[in-house]
Amino acid sequence: RIAAAITPSIAHPLERLRVMNGIWIEKDSQSEYIISPRVARLPSGNLSPATERDLHIAVASSVLRKRVLNQLDVLKAFTHYITAGDPQSALSVLLLALRAFAVATESNLDDWMITSIWYDVPLPAEFSVVDRIELRTAQILARKKVGKEARGAALGLFSLLQGGGSIPAKALVPAAFATTLELMAEKPVETARFLRDAIRAIAEDGTLPPAVARRMRLTCAQMFWGPGSYCRANDQVFQWFSVIFELAPEELGAMCRSEIAYQAARHICDGIWRRNDDLPIEDRRWPGVLDELTDLTNRAVRAEARPLIAGLVRARIIIMMDYLRDADHANGLAREIGPLLQAEAAGEFLVASTLGQQYYFLNLHAAAGPWLDRAVELERAGEIVDRIYAFLYAGIVKASSSLSESVALTGRAAEIALSGDHVPLTLRVRALGERAIALWRASGLASAYEPLRDAAEMLLESDLSGDKERSLFLLFGNSLSYFIQTRLWSVAL
């Protein structure tokens with residue numbers, strides 16, 4: 001019926017089919033026929049190109065009229081359109097399938113090689129830039145979903161996006177999203193700029209409903225933490241900051257409300273001073289780095305970007321105290337910035353715990369105490385490792401004034417350390433060792449046995465070797481040496 005309907009049409013096709021049965025065609029199943037072997041030996045090409053093209057398009061169209069397509073249907077329709085010389089319609093079918101793969105909820109999807117079509121070959125010349133962008137975007141998202149590498153498509157898409165020209169928001173936004181997912185680790189600044197351009201395109205697109213446009217802009221804004229976290233050089237970090245400070249206040253606010261905002265801001269800002277510390281001593285330029293961090297802090301303050309404020313101030317405090325030994329300015333900075341962070345406990349906790357720990361490292365316990373006490377009050381807002389250290393150092397500092405508080409604080413540190421699966425083993429052993437010391441000082445040597453036993457069991461059960469094993473046993477030995485130095489350990493035994 002499909003073949004009979006195209007020009008030149010065939011009247012009464014079913015009756016003519018019955019006449020041909022047995023000589024020209026043979027029944028293959030209840031509803032399908034095959035060409036008889038005798039006819040199959042005849043040369044092909046007995047249809048005009050126009051008729052053959054119309055026939056392929058008609059078959060492809062009949063496949064697409066199904067309500068639900070499977071992988072075989074997609075391949076049939078795609079092949080018929082390509083054979084008909086209609087790559088644009090073939091592209092529409094392929095995009096339909098790729099986008100379905102990208103949002104599928106099933107696991108272990110079999111793509112029937114659909115995600116490899118037009119993947120690593122030149123695309124048809126008829127395709128516009130937008131066609132190419134949409135195809136590469138769909139390939140990236142679909143291949144990631146089915147567990148295939150997508151770097152080739154991502155690099156192609158990267159070149160298209162850098163080619164300039166006006167790209168509509170409906171193509172640019174998913175393209176920026178896909179490129180960022182695949183390439184942010186190796187091209188962090190460029191992918192951040194793509195996200196910025198996508199946000200601008202959404203804002204300028206008058207065809208989108210305002211609520212939809214706003215949701216798209218704010219969703220894109222939250223993705224900036226990814227490229228920032230992958231910056232491997234300080235000049236990349238500073239370029240990344242320049243990009244995000246171009247965002248509108250509402251967009252930067254959405255970025256700062258991300259669940260990972262404080263963790264990512266800390267990682268990005270810590271990288272600045274860590275990379276300078278990795279340089280040879282003669283190449284380090286702490287005053288210059290401090291000036292750059294100060295400038296970024298001022299911009300973050302004006303933008304009310306509290307996660308960035310907290311991360312930048314933390315980095316400045318570490319440089320001032322650990323490298324420049326300028327505790328007074330560090331303390332003044334923390335006090336100056338404190339009121340700005342009170343609206344978000346996570347930011348105030350990060351600054352208080354950082355300054356308290358730095359005072360502790362300088363053996364200035366009296367100055368460390370108030371800051372560590374504040375960090376303990378706000379500990380629920382911190383990351384688990386920072387919470388452990390806040391309790392740990394607060395407990396050590398308190399030992400000189402209140403043994404009972406020292407026991408409580410180190411006990412809480414050990415409790416948190418043992419409750420988290422992702423807490424480093426070194427920190428768990430350290431927490432148990434400090435807990436044992438606090439218990440011994442408060443209640444006698446026998447009370448220290450249980451945490452030391454637990455630490456020893458962790459070490460013996462751990463599957464470690466080399467430097468990690470040596471450092472852990474050294475850490476455990478340091479706890480034991482405390483008791484040996486008191487000259488009471490052997491007496492108790």
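This is a predicted model: local features need pLDDT of at least 70, side-chain atom pairs count only at pLDDT 80 or more; totals for chains, interfaces and linings use all residues.
**Exercise 1: the whole chain**

Task: Find out how the radius of gyration of the protein chain stands against that of a compact globule of 493 residues.

Solution: Start with the reference value. A compact globule of 493 residues would have a radius of gyration near 23 Å. Next, take the chain itself, which has 33 Å. Now look at its extent: along the principal axes, the C-alpha trace spans about 110 × 55 × 45 Å. Buried residues account for 45% of the 493 residues.

**Exercise 2: one leucine in a loop**

Task: Decide whether L247 is buried or exposed, and name the residues in contact with L247 once its neighbours within four places in sequence are left aside.

Solution: First, locate the residue. L247 sits in the loop between α13 (234-244) and α14 (249-256). Second, check its relative accessible area, which is 9%. Buried means under 20%, so L247 is buried. Third, list the partners: with the neighbours within four places set aside, L247 touches I199, F224, L252 and M255. A221 and L247 are 26 residues apart in sequence, and their C-alpha atoms are 8.2 Å apart in space.

**Exercise 3: two aromatic pairs**

Task: Work out which kind of aromatic pair Y360 and F361 form, and which kind Y389 and Y393 form.

Solution: Searching the whole structure gives 12 aromatic pairs. In one of them, Y360 and F361, the centres are 6.0 Å apart and the planes stand at 65°. Planes over 60 degrees apart count as edge-to-face, so Y360 and F361 form an edge-to-face pair. Now turn to Y389 and Y393: the ring centres are 5.5 Å apart and the planes are at 10°. Planes under 30 degrees apart count as stacked, so this pair is stacked.

**Exercise 4: placing the stacked pair**

Task: Say where Y389 and Y393 lie, and whether each is buried or partly exposed.

Solution: Begin with the helix. Both tyrosines belong to α21 (residues 384-398), where they are four residues apart, about one turn of the helix. Then compare the accessible areas with the cut-off for buried, under 20%. Y393 has 5%, so Y393 is buried. Y389 has 24%, so Y389 is partly exposed.

Key
Residues are numbered from 1 along each chain as its sequence is written. Side-chain values use heavy atoms; hydrogens and water are left out. Helices (H or I, at least four residues) and strands (E, at least two) are DSSP runs, numbered from the N terminus. Buried means under 20% relative accessible area, exposed over 50%, partly exposed in between (1.4 Å probe, protein chains only). Contact means heavy atoms within 4.5 Å. The radius of gyration is taken over C-alpha atoms; the globule rule is 2.2 Å times the number of residues to the power 0.38. Rings of Phe, Tyr and Trp (its six-membered ring) pair if their centres lie within 6.5 Å; planes under 30 degrees apart count as stacked, over 60 as edge-to-face and the rest as tilted.
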